[in-house]
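Colleague: Please give me a close look at one part of this model. Then carry on to whatever else deserves a description.

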Amino acid sequence: MKKILLDDMILTKELPTSAGSKMLDGYMSPFNAAVVERLTEAGYEIAGKAPVGEFAIDLSGETNFEGKTVSSEDCATVMLDVNGSPRRIAAQNGLVYIKPTYGIVSRFGTVAVACSGECVGVMAKSASECKEVLSVLVGNDERDGTMHADGVCKSALGIKKVKKVALLDMGVKSAELDLARSELEANGIEVASVDAGVIESANAAWNILMCAELCNNVSRFDGIKYGYRAKNYKNLDELYTNSRTEAFGELVKTAILYGSDVLSSNNYMSKYDKAMRVRRVIVEAFTEIFKEYDAVMLPACSKTSYTASDDVFVENKYTAPASVTGLPAVVAGGVQLVGKAFSDGALLDVSAILTKEGK
Amino acid sequence: MRYETVIGLEVHIEMATQSKIFCSCSAKFGGEQNDHVCPACCGMPGMLPVVNKKVVDLGMTAGMMLNCHINRVTTFDKKSYYYPDLPCSYQTTQWFSPVAVNGTVTIETSKGKKDIRIKQIHMEEDAGKLVHDEWTNTTLVDFNRTSVPLIEIVSQPDLSSAEEVVAYLERLRSLLRFAKVSECRMEQGSMRCDVNLSVRPEGSDKLGVRTEMKNMNSISAIERAIAYETARHIDALENGTEELVQETRRWDDIKGKSFAMRNKETAGDYRYFPDPNVMPIVIDDEWFAKIKGTLPEFPEVKKARYIGELGLSDYDATLLTESRALCDCFESAYAECGQAKEAANWLLSDVLNILNKKQMTPDQLTLDGKTLGKLIKLVTDGKVSRPNAKKILAEMFESEIDPAKYAEEQGYIVSSDTGAIEATVREIVIADERSVTDYKSGKEKALMAIFGKCMKALKGNCDPQTLRQMIIDVINSI
Amino acid sequence: MEKETLRLLCKVNQLALTEEQKDSFLKFMDAREADIKALDAIDTENVERMVHVMPIMTVVREDVEKKLFTRDELQKGAPETMDGYWQVPRVVE
């Protein structure tokens with residue numbers, strides 16, 4: 001039987017799901033995620049859970065409450081991409097990850113954080129393996145109300161070809177980008193540098209949207225129904241505050257407070273509503289590029305490893321464009337390719353060039 | 001100085017659906033604690049909301065009944081606050097584009113007719129129920145009611161007295177029960193009302209400080225709360241007894257007073273934002289027309305028709321039009337038997353009696369009107385006697401029967417052989433000399449004894465009027 | 001951001017920060033000014049807000065009741081329950 005790992009944002013009945021948070025330490029879900037059902041039906045064996053940073057919003061798993069880090073395993077891993085962390089991990093570890101088009105893989109049974117942009121994707125050693133697993137995951141699920149019709153979901157793996165790629169270096173000079181460019185060109189794919197324009201500001205909008213949604217989604221973790229409850233409290237208010245204060249890590253607290261601030265009635269129009277408008281502007285910027293190009297190549301991160309001083313709200317500049325637009329993104333050979341909606345299969349096919357598969 | 005009261009209402013109504021608004025749990029009232037619950041409505045991670053179509057149907061229906069404009073694109077938003085009865089710490093409601101806006105409801109009071117403007121109707125999920133346990137001094141949480149679909153009907157501040165408020169609520173109840181949006185039962189909490197009230201000097205065009213009162217569980221409690229709150233405001237304005245502040249107050253019906261609810265520094269900023277997990281609901285022309293086509297005649301239009309066209313009394317028409325189920329049953333019974341007065345009589349006496357005994361409300365009537373019409377026809381055609389027809393009616397509540405077939409099986413068909421009936425009557429009259437003598441000497445009661453014996457011998461299969469006349473004729477003939 | 005605003009934010013979100021954490025959050029907010037500036041530089045005058053990235057409309061389900069979970073399954077991991085209720089310190093209204 002083929003083995004598969006799930007990251008700890010995906011709920012399983014048999015194994016605990018912590019979402020990387022002390023809040024959900026040992027939490028047992030009474031149901032399986034839709035992707036777990038699909039994988040099991042397709043004959044995969046769930047080999048275990050891969051640790052994630054708290055609610056999967058950090059750089060690359062460093063905020064896991066137990067300090068567990070992602071170690072590369074032999075089998076593919078299904079991972080929820082909330083804020084680009086799987087893409088950064090793939091880029092820095094020579095792996096392939098696909099964040100599919102929004103709405104083609106069910107989010108039913110994933111710990112919700114930033115619902116308007118997060119997607120269940122696949123990490124593996126090769127693009128072809130990613131494609132194999134992804135083909136099991138795609139398809140409509142009536143329990144997720146944000147999905148495309150079944151045929152539309154499946155069309156994402158259909159035959160399309162990437163012939164022309166726009167390169168948005170976003171100010172990063174990297175050997176990977178140069179190498180990827182020359183390899184694509186060597187395979188007859190045209191690559192042209194294009195100014196990123198408003199796409200540079202995708203993370204400014206995404207930080208607002210993601211934190212607001214996170215703030216709202218993690219407000220259900222209050223110490224009452226399940227999960228962590230503080231030992232000491234004198235009244236209901238202290239139960240809430242102590243439980244949440246003791247269980248959430250600093251990055252999540254920061255995100256909660258920022259998200260709450262942008263939604264406050266004073267800031268809603270100037271920050272949250274503004275971010276929603278900019279979201280449309282960015283979608284339109286991509287549409288404009290896609291009139292001429294089939295995909296966009298951009299960095300997935302700015303460096304090969306992180307230190308404590310790196311800030312995810314700055315570093316997510318490279319992953320936010322695909323998160324904020326719902327477009328498919330593949331990281332391979334240390335670079336990122338963002339494609340038109342439903343071009344997931346084509347992106348993986350072209351990525352095989354970057355990982356030198358079949359050579 | 002004279003003062004006037006300015007009142008606006010927020011009325012919450014639980015919709016009559018089988019399942020909840022965003023999950024498939026039962027939406028029924030009651031049940032054992034936390035039995036109608038799933039991971040979605042108890043706030044566990046992983047479930048996503050999927051909108052119940054019937055909720056949108058009923059939201060549109062309510063909007064149309066209250067003459068609202070229906071927003072053809074309607075969306076859901078999230079409202080955040082922490083409270084143990086709110087398992088996700090947010091309520092999914094409609095803030096930016098509610099299903100219906102700008103309506104009117106016409107009420108009638110002792111001062112005549114008045115239009116009350118409706119600001120909006122929005123769809124949302126209900127909260128759970130909290131029970132306070134005295135033994136442990138803790139609060140117990142039951143999520144059965146969580147996510148039961150509600151509509152909130154927000155009026156403009158057009159009401160100026162308790163009498164108008166009561167008329168408005170009764171009008172809403174009548175319209176929404178008629179349209180089968182809800183049973184609107186205040187005692188079960190399926191209709192609840194928050195009162196926004198302020199007081200100002202008569203003639204002033206500036207609104208006074210407004211307070212919102214919650215927790216009134218009956219129409220009479222609402223009347224008491226309005227009287228109390230109005231007096232409190234006037235007292236504060238006239239005598240400076242206290243400074244009025246804009247706040248939410250809880251009505252305590254036992255103490256007969258309102259109390260400021262625990263002041264939350266943060267109350268009021270609910271951080272609404274559009275729900276990313278619920279796609280916009282687009283009401284196309286087909287859907288719109290379908291709902292429009294199911295709207296019932298307004299109760300007063302029906303009543304006028306019952307009186308004008310069908311010749312019912314004002315009294316009967318009023319009683320019938322208090323319940324949509326009664327009207328539906330009446331109309332199909334009438335269509336079958338062609339006799340409006342008979343149909344109304346059967347419904348308002350015999351049928352209501354049975355419902356009463358079963359402790360059911362008229363709205364819970366499920367009797368098939370066509371079958372009732374058939375039964376009425378059997379009686380008016382003289383085929384089944386009235387007493388036997390009542391027995392058949394009782395059976396109709398227990399099982400699905402065809403009245404004619406059932407009458408036959410039970411031997412309830414009136415004999416058309418008048419000769420045989422007369423022979424039976426003659427036999428009994430002759431055998432009961434004493435009653436005959438008594439009757440002839442003017443004791444009307446004696447006739448009843450003979451009547452009873454005859455009816456028994458005939459197994460009730462005889463029209464009482466005919467039988468009575470036949471007995472008199474036989475007595476006179478001997 | 002003013003300290004008072006942060007105090008209220010913590011209160012509505014049921015969080016308590018140490019003084020050090022407060023300072024670090026205020027610094028974080030200063031850093032977000034760059035985000036806000038970047039957004040303000042983009043003209044959105046005639047742009048409609050985008051809530052959902054995909055144009056999917058009217059996802060509804062039929063009104064069918066299903067019982068998929070038992071109370072015991074849902075309360076297995078509850079910190080405190082009593083007679084099938086979740087239990088919390090007394091709510092003061």
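Modeller: In helix 9 of chain B, B:Thr371, B:Lys374, B:Leu375 and B:Leu378 meet B:Pro403, B:Ala404 and B:Ala407 of helix 11 of chain B. Residues count as in contact when their C-beta atoms, placed from the backbone, lie within 7 Å. The helices cover residues 369-380 and 403-410. Their axes are 9 Å apart, at an angle of about 50°. Axes are lines fitted to C-alpha atoms, for helices over the stretch in contact, and angles between N-to-C directions run from 0 to 180 degrees. That angle makes helix 9 of chain B oblique to helix 11 of chain B. The cut-offs: under 35 degrees is roughly parallel, over 145 roughly antiparallel, 65 to 115 roughly perpendicular, and the rest oblique. The contact of helix 9 with helix 11 of chain B has 5 nonpolar residues, 1 polar and 1 charged. Here Ala, Val, Leu, Ile, Met, Phe, Trp, Tyr, Cys and Pro are nonpolar, Asp, Glu, Lys and Arg are charged, and the others, Gly among them, are polar.

A word on conventions. This is a predicted model, in which local features need pLDDT of at least 70 and side-chain atom pairs count only at pLDDT 80 or more, while totals for chains, interfaces and linings use all residues. Residues are numbered from 1 along each chain as its sequence is written, and chains are lettered from A and ligands numbered from 1 in the order in which they are written. Helices (H or I, at least four residues) and strands (E, at least two) are DSSP runs, numbered from the N terminus.

Next, another pair in chain B. Helix 2 (residues 162-178) and helix 3 (residues 219-239) of chain B pack at about 150°, with axes 9 Å apart. That makes helix 2 of chain B roughly antiparallel to helix 3 of chain B. Their crossing is right-handed. Helix 2 of chain B brings B:Ala162, B:Val165, B:Val166 and B:Leu169 to the contact. Helix 3 of chain B brings B:Ile219, B:Ile222, B:Glu223, B:Ile226 and B:Ala227. By class, this contact of helix 2 with helix 3 of chain B has 8 nonpolar residues, no polar ones and 1 charged.

Helix 6 and helix 8 of chain A pack at about 105°, their axes 7 Å apart. That makes helix 6 of chain A roughly perpendicular to helix 8 of chain A. From helix 6 of chain A, the contact includes A:Ile208, A:Cys211 and A:Ala212. From helix 8 of chain A, A:Ala255, A:Ile256 and A:Tyr258 are among those taking part. The contact of helix 6 with helix 8 of chain A divides into 10 nonpolar, 2 polar and no charged residues.

Helices 6 and 8 of chain A also turn up where the chains meet. Between chains A and C, 50 residues of chain A are in contact with 38 residues of chain C. Helix 6, helix 7, helix 8 and helix 9 (268-290) of chain A each supply at least two residues of the side that touches chain C. Helix 9 of chain A gives the most, with 11 residues. On that side of chain A, 22 residues are nonpolar, 15 polar and 13 charged.

Back to chain B, for helix 1 (residues 53-65). Helix 1 of chain B has 13 residues and reaches 18 Å from its first C-alpha to its last, close to the 18 Å expected at 1.5 Å a residue. The expected span is 1.5 Å times one less than the number of residues. In helix 1 of chain B, 11 of the 13 residues are buried, so it is largely enclosed by the rest of the structure. Buried means 20 or more other C-beta atoms within 10 Å of a residue's own, exposed means 12 or fewer, and partly exposed is in between, with C-beta atoms placed from the backbone. B:Lys54 and B:Asp57 are among the buried residues of helix 1 of chain B. B:Asn67, with a positive phi near 55°, follows helix 1 of chain B.

B:Ser89 also has a positive phi, near 65°. B:Ser89 sits in the loop between strand 5 (77-80) and strand 6 of chain B. B:Ser89 counts as buried, with 23 C-beta neighbours inside 10 Å. Strand 6 (residues 90-93) of chain B holds B:Thr92. B:Thr92 is buried too, with 20 other C-beta atoms within 10 Å. Leaving out residues up to four places away in sequence, B:Thr92 touches residues including B:Phe22, B:Pro49 and B:Asp275.

Definitions and conventions: Left-handed = near helix turned anticlockwise from the far one by under 90°. Contact = placed C-beta atoms within 7 Å.
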